[in-house]
Amino acid sequence: GEAGVATAEVVPPRPAAPPVTTVQMRGTLGLGGWFVSSVLVILNATDDVGVATTWYAIDRGDLQRYVMPFSINDDANHTLEFYSIDREDLLEVPKAANVRVDRNPPVFVAMSPQGIVTTRNFVLSWNAEDEASGIARYEVSVDGSEFVSVGQGTSQPLTLADGKHSVQVRVFDVAGNDDETEYIVQVDTFLLSATGPQGTLILALVFG
């Protein structure tokens, strides 16, 4: 037969590809994807011809050149945007990631009623605020009983005998941070008591 003809396979040049940047976040992870510590952000870029520069912005702020890992400390759900440019000036399409930081527990801001309560049945109300992840749930304990979850409700009907009582309310945020407050309530339903429902009238009769 005929002598074989050697054919060289032509390999088309590979189209130039932009860099690829990935993000690593290091910190103490709480619940729900929230960090309960500062977060160290590490950006890694790779490219066929070499990475020239990597850029980032936090919360839509100014672009900054990435030189070394940096920390995010403030409680908030931060937006991190980043991209790289290679030595042939090819730009990566910017990427975005969320950096959720919640280092602080919620704070109680209100509790009522205050002072002496003149009925055995009353509603205890409270309020707490959390700047970052938000309130997940409340738990209530009366006079040392087991804590019972009331969900995100901010009140609890109580029936208490006359006397002094201790009510503890715990609050948890979505990240898992918690705080606790103790509420001392004095129940006095004795009508003739100076602190009871008719107390002001009796004082008026005695001192009037």
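1. A quick convention before anything else: buried means under 20% relative accessible area, exposed over 50%, and partly exposed in between, using a 1.4 Å probe and protein chains only. At 11% relative accessibility, F70 therefore counts as buried. Y56 is at 8% relative accessibility, so Y56 counts as buried too.

2. Some housekeeping. This is a predicted model, where local features need pLDDT of at least 70 and side-chain atom pairs count only at pLDDT 80 or more, while totals for chains, interfaces and linings use all residues. Residues are numbered from 1 along each chain as its sequence is written, and side-chain values use heavy atoms, with hydrogens and water left out.

3. The overall picture: one helix and 15 strands make up the element list. Helices (H or I, at least four residues) and strands (E, at least two) are DSSP runs, numbered from the N terminus. Of the 208 residues in the chain, 32% are buried. Taking contact as heavy atoms within 4.5 Å, residues 24 or more positions apart account for 57% of the contacts with a separation of 6 or more.

4. Now the aromatics. Rings of Phe, Tyr and Trp (its six-membered ring) pair if their centres lie within 6.5 Å; planes under 30 degrees apart count as stacked, over 60 as edge-to-face and the rest as tilted. The count by this rule is four aromatic pairs. Y56 and F70 are stacked, at 4.2 Å centre to centre with 10 degrees between the planes. Y56 sits in strand 3 (residues 51-58) and F70 in strand 5 (residues 70-72), so the pair ties together parts 14 residues apart in sequence. Y56, F70 and Y66 form one aromatic cluster.

5. W126 and Y138 make an edge-to-face pair, 5.7 Å centre to centre and 65 degrees between the planes. That pair links distant parts of the chain, with W126 in strand 10 and Y138 in strand 11, twelve residues apart. Both W126 and Y138 are buried.

6. On to packing. A nonpolar core here is a set of buried Ala, Val, Leu, Ile, Met, Phe, Trp, Tyr and Cys residues joined through side-chain atoms within 4.5 Å. The largest one has 18 residues, of which F122, L124, W126, Y138, V167 and V169 touch the most other members. Strand 8 (107-112), strand 10, strand 11, strand 14 and strand 15 each give two or more residues to this core. Strand 10 supplies the largest share, four residues. Another core lies apart from it, with 14 residues, among them V39, V41, Y66 and V99.

7. Which strands stand at the edges of the open sheet? Three strands form that sheet in the order 8-10-13, with antiparallel pairing. Strand 8 and strand 13 (155-159) are the edge strands, each with a single partner strand, so one side of each has no neighbour in the sheet. L124 stands opposite Q156 in strand 13.

8. Strand 15 (residues 178-187) is worth a look as well. Strand 9 (residues 116-117) pairs with strand 15 in the parallel sense over two bridges, and I116 has Q186 as its bridge partner there. Strand 14 (residues 163-173) runs antiparallel to strand 15, joined by ten bridges. F172 has D178 as its bridge partner in strand 15. The hairpin of strand 14 and strand 15 has four residues between the strands, and G176 takes a positive phi near 105 degrees.

9. S133 lies in the loop between strand 10 (121-129) and strand 11 (135-142). At 13% relative accessibility, S133 counts as buried. Its side chain makes a polar contact (a pair of N or O atoms within 3.5 Å; within protein, one must be able to donate a hydrogen and the other to accept it, and residues adjacent in sequence count only if both atoms are side-chain atoms) with the side chain of D102, at 2.6 Å. Leaving aside neighbours within four places in sequence, S133 is in contact with W34, D102, D173, V174 and A175.

10. The peptide bond from S112 to P113 is cis, with omega near 0 degrees, and P113 is in the loop between strand 8 and strand 9. R60, in the loop between strand 3 and strand 4 (64-65), has a positive phi near 60 degrees without being a glycine. R60 counts as exposed, at 61% relative accessibility.

Conventions
Two strands pair if DSSP finds at least two bridges between them.
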